[in-house]
Amino acid sequence: MIREQLAVLQVVIPLLAAPCCVLLHRARWAWWLAVAVSIACLAIAIALTAQVSAHGAITYLLGGWAAPWGIEYRIDELSAFILIVVSTINLVTILYAGRSVEQEIDPDRIYLFYTGWILSLTGLLGIAVTGDVFNLFVFLEISSLSSYLLVGLGRDRRCLTAAFQYLVLGTIGATFILIGVGLLYMMTGTLNMADLAARIPAVADTRTVVVALAFFSIGIAIKVALFPLHMWLPNAYTYAPSAVSAFLAGTATKVGVYMLLRIALTVFGVRFSFGDISLQHVLLVMAVLAMVSGSVMAIYQRNVKRVLAYSSVAQIGYMVLGIGLASATGIAASVLHIFNHALMKTALFMVLGAIFYRIGSVALEDLHGIAKRMPWTMAAFVAGGLSIIGVPLTVGFISKWYLLVAAAQQGWWWLAAVILISSLIAVVYIWRIVEAAYFKPLSNAAQDAVEAPLGLLLPTWALVALNVYFGVDATWTASIASRIAVALLGTPG
Amino acid sequence: MQAFGLFNYWVVVLLMMTGLYIVTASPNLIKKIIGLNIFQTSVFILYITIGKVSFGTAPILVDGVSRYSNPLPHVLILTAIVVGVATTALGLALVVRIHSAYGSINESELQNEDAADS
């Protein structure tokens, strides 16, 4: 009985828990509820993944209304994979938030913080399960509105302007997606993704459908923070509370890449997006610019959180690059990097949160010599940093390897060179931080620092361990990514 | 005739561009939110226009009428209006907090204060 309802429970449980969180009102109780919900979400995501791999895609009709009229939830391997990524990162960061948030948010606002967090989770999971484009827009707005709130709850007043900037750009992006939905409805009279996919080829040569894809692409590109539409990301990640930066870095942009794959390949179809329109060329150019400029910008930042934020811009470039290659290996690399980058970037943001917890700053000059005081924390940073660079035995290597193979298959050696150059620049910005933390004399700010509390250290190291585990044994992730890529591309042509 | 038939769409484009222009050009945060609202409203009009069927009436069952306008876009846009209201409320709440933290809601003054901080 309950097995058939799992698809909707994935969204309904966090959605109902959010108002309960307000009612509980006490910070500690709200946190326990959030932890319980996160565990339930991860359990459901795992159960759904098991069902999908055993019996194929799951279809759930909301309220029992048949598909083109009612809202349909549809979970295939790609959706299940995204559910796993989001709910894993969410569980780890919510465990971490328990300690981290105590210091960074006013105590009487903490229950509201967890309410916003759970709502954001609802939206992100909803985007992955839904099979209806309008429903996708609604879930996108649920997750976006609550993430503006989360960013705006930081102690530093600059988080307010960052949240406002994020709100303006995010709303423009979401409204573009809404226009795309409207134009598609105009041409086909349906909102269901499977139904749209069947009807679009008949009207594919109209200007309206082409414009719809353009609106979708730009709207999603803003949400993904694809260069040059990334302007909201560095400030939002830098000034948000540490736990929020870790959570958003591991989930929000990843779900954005999922939307890009879903809309471009499932809804519009490979033949239209890659054949008639050649969307891949546009994505390729933006991705290459993002990889290089994001990495270069990261070198010149004084605030270490901002270094990681610009590094995210570059890493988003890698994910989109995989789509831009328009081949099975490329898309597999993109899907792999969604998972891998979530693991490494979240771990790195968690390290910075732990440092902030002890010394109240993440400016590079305050981090001088910090490794002597917080050896375990900085060791986690080094492990995550190696993964960003793409050193073998870390997950970063796996995704870069797949990207290089995909580039080589097309015979684009210049692209392989760009990937390597961007990785070399990553060595520079990671090394700057490692050098400061290990080899510089102790800064004044770090004089009295001690090792981070276990409540922060354990979740961080759990992610680092996953980083190494999936870097050594990538058979599960790689095989699932290849199957997803083949399913998305369908019959080549 | 063709241009006149597309009157609603011209209005949509005009409002959309006006809204986007205000968002980017005005330094005042409240005006930015007003611009954002105009921008969103243009999309509401787009949806409502899509729902109109030539010579169709309101979708209420009446004897002797067989042609109805499509009610679905109206329903969709009700949801989008709610989202728009929520966005505006959150945006204004942020502006209130920015004003109490910085004493200004002018973008360039905010940037000057931030530059002085760091």
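Helices (H or I, at least four residues) and strands (E, at least two) are DSSP runs, numbered from the N terminus. This is a predicted model, in which local features need pLDDT of at least 70, side-chain atom pairs count only at pLDDT 80 or more, and totals for chains, interfaces and linings use all residues. Residues are numbered from 1 along each chain as its sequence is written, while chains are lettered from A and ligands numbered from 1 in the order in which they are written.

**View 1. Chain B has 5 helices and 0 strands.** From the N terminus, its elements follow the order α-α-α-α-α.

**View 2. The C-alpha atoms of chain B fill a box of roughly 70 × 30 × 15 Å along the principal axes.**

**View 3. In chain B, 25% of the 118 residues are buried.** Buried means that 20 or more other C-beta atoms, placed from the backbone, lie within 10 Å of the residue's own.

**View 4. Helices H17 (residues 395–410) and H18 (residues 413–439) of chain A pack at about 155°, with axes 8 Å apart.** Axes are lines fitted to C-alpha atoms over the stretch in contact, and angles run from 0 to 180 degrees between N-to-C directions. H17(A) is therefore roughly antiparallel to H18(A) (over 145 degrees). Contact residues (C-beta atoms, placed from the backbone, within 7 Å) include A:Leu403 and A:Leu404 of H17(A) and A:Ile419 of H18(A).

Conventions:
Buried ≥ 20, exposed ≤ 12 C-beta atoms within 10 Å, placed from the backbone. Parallel < 35°, antiparallel > 145°, perpendicular 65-115°, else oblique. Contact = placed C-beta atoms within 7 Å.
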